[in-house]
Amino acid sequence: LGIDPQRWFEASLDESLYRERATGLIKDPDEIVARIALKAGLALDPRMIEVITKIRIQKFKDTLLQVDDEVLTTLMNLKERSYKICLISNADSIDVLHWQDSPLMPLFDHAIFSYDVGVMKPDAAIYELGLNSLGATSEEAIFIGDGGFDELRGAKALGIETIMTTQYTYFGQEEIEKTAMYADRQITHLELLKDLL
């Protein structure tokens, strides 16, 4: 597209557009790409939108299919220890098109995607959906995440214990420190969960 990748990244995270995508108000992949392009200052023709949509779908497919062994091993370890695991994700329809093919999918008892349920983190309702799917109370649950979208604050507000992981974060140090205020504990790698839980 001839633009700085950071410009596209920032456009894709534009707050109002992201909310529309992540709550399912916009589900069509081509429309998602066209709207991101407009936020980035690009008016793409339908042919180019189709090309970029295919690239974006492939990117998220690769992400879901090529999962770090450490993540898979950690999740398998938790399953073997009889933990119930629910994924709660702010996601649009493109993000999870290939969820069913991911090696992650069978390792979760439930997966709640914001675009499916019309609400996103840190709204209490999405955590409550997760708790209900597991038949758990907030006191019995632990929320693990990098803190994006104020997710740790949202979990903490419901009385859920929180663990912050910095393994995959793209935040700067200042943002990490602000987010850490809502973490009961912090880890640098997911594999460290086996010693915490």
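Me: Hi! Which way do β3 and β4 run relative to each other, parallel or antiparallel, and how many bridges join them?
Reply: Hi! In this predicted model, β3 and strand β4 (residues 161-165) run parallel, joined by 4 bridges.

Me: Nice. Which residue in β4 does Ile-142 stand opposite?
Reply: That would be Glu-161.

Me: And what's the strand order in the sheet?
Reply: The order is β3-β4-β5, an open sheet of 3 strands with parallel pairing. β3 (142-145) and β5 (185-187) each have a single partner strand, so they stand at the edges, with one side of each left without a neighbour in the sheet. From one strand to the next, the twist averages 20°.

Me: Switching to helices: at what angle do α1 and α3 cross?
Reply: Roughly 115°, with the axes of α1 (residues 5-12) and α3 (residues 29-39) coming within 8 Å. The crossing is right-handed.

Me: Which residues make that contact?
Reply: From α1 there are Trp-8, Ala-11 and Ser-12, and from α3 there are Val-33, Ile-36, Ala-37 and Lys-39. By class, that gives 5 nonpolar, 1 polar and 1 charged residues.

Me: Zooming out, how many helices and strands does the protein have?
Reply: The secondary structure comes to 10 helices and 5 strands.

Me: What about the radius of gyration?
Reply: The protein has 17 Å, which agrees with the value near 16 Å that a compact globule of 197 residues would have. The C-alpha trace spans about 50 × 35 × 30 Å along its principal axes.

Me: Last one: what share of the residues is buried?
Reply: Buried residues make up 42% of the 197. As for contacts with a separation of 6 or more, 57% are between residues 24 or more positions apart.

Conventions: Residues numbered from 1 in each chain as written. Predicted model: local features only at pLDDT ≥ 70, side-chain atom pairs only at ≥ 80, totals over all residues. Heavy atoms only, no water. Axes fitted to C-alpha atoms, helices over the stretch in contact; angles between N-to-C directions. Helix = DSSP H or I, 4+ residues; strand = E, 2+ residues; numbered from the N terminus. Left-handed = near helix turned anticlockwise from the far one by under 90°. Contact = heavy atoms within 4.5 Å. Nonpolar A, V, L, I, M, F, W, Y, C, P; charged D, E, K, R; others polar. Pairing = 2+ DSSP bridges. Rg over C-alpha atoms; globule rule 2.2 N^0.38 Å. Buried < 20%, exposed > 50% of the residue type's maximum accessible area, 1.4 Å probe, protein only.
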